[in-house]
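Subject: Structure handover

Hello,

Here is the structure for you to look through. My notes follow below it.

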Amino acid sequence: MRVGLLRAVGVATAAYGIAVTARPELLAKPSGLVDEAGRTAPHTRTSLRPLAWRDAASGIALALAPEGAALRTAAWVRVAADLGDAALLGTTLPAETRGKAVAVSVGWGALSLAALCGGRATG
(Lines give C-alpha, C1' and ligand atoms only; values in the text may rest on other atoms or scores of the structure.)
Protein backbone atom coordinates (compact mmCIF):
# COMPACT_ATOMS: atom_id res chain seq x y z
CA MET A 1 0.00 0.00 0.00
CA ARG A 2 1.40 3.41 -0.94
CA VAL A 3 0.22 5.33 2.10
CA GLY A 4 1.54 8.73 1.03
CA LEU A 5 -0.25 8.55 -2.31
CA LEU A 6 -3.49 7.45 -0.64
CA ARG A 7 -3.22 10.38 1.76
CA ALA A 8 -2.61 12.79 -1.14
CA VAL A 9 -5.64 11.43 -3.02
CA GLY A 10 -7.66 11.85 0.17
CA VAL A 11 -6.62 15.47 0.65
CA ALA A 12 -7.30 16.32 -3.02
CA THR A 13 -10.67 14.57 -2.94
CA ALA A 14 -11.68 16.28 0.31
CA ALA A 15 -10.68 19.70 -0.99
CA TYR A 16 -12.60 19.20 -4.23
CA GLY A 17 -15.64 17.88 -2.37
CA ILE A 18 -15.68 20.86 -0.03
CA ALA A 19 -15.29 23.27 -2.96
CA VAL A 20 -18.14 21.66 -4.92
CA THR A 21 -20.34 21.57 -1.82
CA ALA A 22 -19.90 25.34 -1.62
CA ARG A 23 -20.02 25.94 -5.38
CA PRO A 24 -21.79 23.10 -7.24
CA GLU A 25 -21.16 24.82 -10.57
CA LEU A 26 -17.53 23.63 -10.31
CA LEU A 27 -18.88 20.16 -11.14
CA ALA A 28 -22.00 21.18 -13.06
CA LYS A 29 -20.27 23.18 -15.79
CA PRO A 30 -17.70 20.60 -16.93
CA SER A 31 -20.39 17.90 -16.68
CA GLY A 32 -22.75 19.79 -18.98
CA LEU A 33 -25.37 20.23 -16.27
CA VAL A 34 -25.95 23.92 -16.98
CA ASP A 35 -28.43 25.83 -19.12
CA GLU A 36 -27.60 27.62 -22.39
CA ALA A 37 -26.36 30.65 -20.43
CA GLY A 38 -24.02 28.49 -18.32
CA ARG A 39 -26.14 28.72 -15.16
CA THR A 40 -26.68 25.82 -12.79
CA ALA A 41 -30.34 25.27 -11.94
CA PRO A 42 -31.26 25.26 -8.24
CA HIS A 43 -32.38 21.60 -8.36
CA THR A 44 -29.08 20.61 -9.97
CA ARG A 45 -27.14 22.47 -7.28
CA THR A 46 -29.19 20.68 -4.63
CA SER A 47 -28.55 17.28 -6.26
CA LEU A 48 -24.80 17.79 -6.59
CA ARG A 49 -24.14 18.87 -3.01
CA PRO A 50 -24.64 15.42 -1.41
CA LEU A 51 -22.35 13.88 -4.02
CA ALA A 52 -19.72 16.50 -3.23
CA TRP A 53 -20.15 16.00 0.52
CA ARG A 54 -19.66 12.25 0.02
CA ASP A 55 -16.37 13.03 -1.72
CA ALA A 56 -15.33 15.37 1.08
CA ALA A 57 -16.13 12.77 3.75
CA SER A 58 -14.43 9.89 1.93
CA GLY A 59 -11.41 12.07 1.20
CA ILE A 60 -11.08 13.05 4.85
CA ALA A 61 -11.33 9.37 5.83
CA LEU A 62 -8.61 8.48 3.34
CA ALA A 63 -6.38 11.28 4.60
CA LEU A 64 -6.82 10.50 8.29
CA ALA A 65 -7.54 6.78 8.67
CA PRO A 66 -4.95 4.85 10.67
CA GLU A 67 -2.68 2.76 8.52
CA GLY A 68 -3.90 -0.81 8.13
CA ALA A 69 -7.46 -2.09 7.81
CA ALA A 70 -9.07 1.33 8.30
CA LEU A 71 -7.00 2.89 5.52
CA ARG A 72 -7.62 -0.06 3.19
CA THR A 73 -11.36 0.24 3.83
CA ALA A 74 -11.31 4.00 3.16
CA ALA A 75 -9.40 3.37 -0.07
CA TRP A 76 -11.85 0.71 -1.25
CA VAL A 77 -14.74 3.08 -0.50
CA ARG A 78 -13.02 5.75 -2.62
CA VAL A 79 -12.41 3.30 -5.49
CA ALA A 80 -16.04 2.13 -5.37
CA ALA A 81 -17.31 5.71 -5.36
CA ASP A 82 -15.16 6.69 -8.34
CA LEU A 83 -16.04 3.61 -10.39
CA GLY A 84 -19.70 4.01 -9.46
CA ASP A 85 -19.53 7.62 -10.61
CA ALA A 86 -18.00 6.50 -13.90
CA ALA A 87 -20.77 3.96 -14.47
CA LEU A 88 -23.61 6.30 -13.53
CA LEU A 89 -22.27 9.42 -15.21
CA GLY A 90 -21.39 7.40 -18.27
CA THR A 91 -25.01 6.42 -18.70
CA THR A 92 -26.70 9.67 -17.71
CA LEU A 93 -24.66 12.74 -18.67
CA PRO A 94 -25.10 14.59 -21.97
CA ALA A 95 -23.12 12.93 -24.76
CA GLU A 96 -20.78 15.89 -25.23
CA THR A 97 -19.44 15.71 -21.66
CA ARG A 98 -19.84 12.02 -20.90
CA GLY A 99 -16.40 10.83 -22.02
CA LYS A 100 -14.48 13.43 -20.03
CA ALA A 101 -16.47 12.77 -16.86
CA VAL A 102 -15.98 9.01 -17.18
CA ALA A 103 -12.26 9.44 -17.83
CA VAL A 104 -11.82 11.65 -14.75
CA SER A 105 -13.78 9.24 -12.53
CA VAL A 106 -11.93 6.17 -13.81
CA GLY A 107 -8.61 8.01 -13.50
CA TRP A 108 -9.13 8.86 -9.84
CA GLY A 109 -10.38 5.37 -9.10
CA ALA A 110 -7.38 3.84 -10.86
CA LEU A 111 -4.99 6.10 -8.94
CA SER A 112 -6.50 5.03 -5.63
CA LEU A 113 -6.47 1.38 -6.69
CA ALA A 114 -2.82 1.58 -7.77
CA ALA A 115 -1.89 3.17 -4.44
CA LEU A 116 -3.89 0.55 -2.56
CA CYS A 117 -2.33 -2.39 -4.38
CA GLY A 118 1.18 -0.99 -4.78
CA GLY A 119 4.13 -1.66 -2.53
CA ARG A 120 5.24 0.85 0.09
CA ALA A 121 7.02 3.84 -1.42
CA THR A 122 10.58 4.14 -0.24
CA GLY A 123 12.03 7.38 0.86
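One term before we start: a crossing is left-handed if the near helix is turned anticlockwise from the far one by less than a right angle, and right-handed if clockwise. Helices (H or I, at least four residues) and strands (E, at least two) are DSSP runs, numbered from the N terminus.

Now the ground rules. This is a predicted model, where local features need pLDDT of at least 70, side-chain atom pairs count only at pLDDT 80 or more, and totals for chains, interfaces and linings use all residues. Residues are numbered from 1 along each chain as its sequence is written, and side-chain values use heavy atoms, with hydrogens and water left out.

**The whole chain**

The protein chain has five helices and zero strands. From the N terminus, the order is α-α-α-α-α. The radius of gyration (taken over C-alpha atoms) is 15 Å, close to the 14 Å that the globule rule (2.2 Å times the number of residues to the power 0.38) gives for 123 residues, so the chain is as compact as a globular protein of that length. Along the principal axes, the C-alpha atoms fill a box of roughly 50 × 25 × 20 Å. Of the 123 residues, 36% count as buried. Buried means under 20% relative accessible area, exposed over 50%, partly exposed in between (1.4 Å probe, protein chains only).

**Helix 4 and helix 5**

How do helix 4 and helix 5 pack, and at what angle? Helix 4 covers residues 69-92 and helix 5 covers residues 95-117. The angle is about 160°, and the axes are 8 Å apart. Axes are lines fitted to C-alpha atoms, for helices over the stretch in contact, and angles run from 0 to 180 degrees between N-to-C directions. The two helices are therefore roughly antiparallel. The cut-offs: under 35 degrees is roughly parallel, over 145 roughly antiparallel, 65 to 115 roughly perpendicular, and the rest oblique. Helix 4 passes helix 5 in a left-handed crossing. The residues of this contact divide into twelve nonpolar, four polar and five charged. Here Ala, Val, Leu, Ile, Met, Phe, Trp, Tyr, Cys and Pro count as nonpolar, Asp, Glu, Lys and Arg as charged, and the others, Gly among them, as polar.

**Two residues in helix 4**

D85 sits in helix 4. D85 is buried, at 12% relative accessible area. Leaving out residues up to four places away in sequence, D85 touches L51, R54, R78, G90 and S105. Contact means heavy atoms within 4.5 Å.

A74 is also in helix 4. A74 counts as buried, at 8% relative accessibility.

Best wishes
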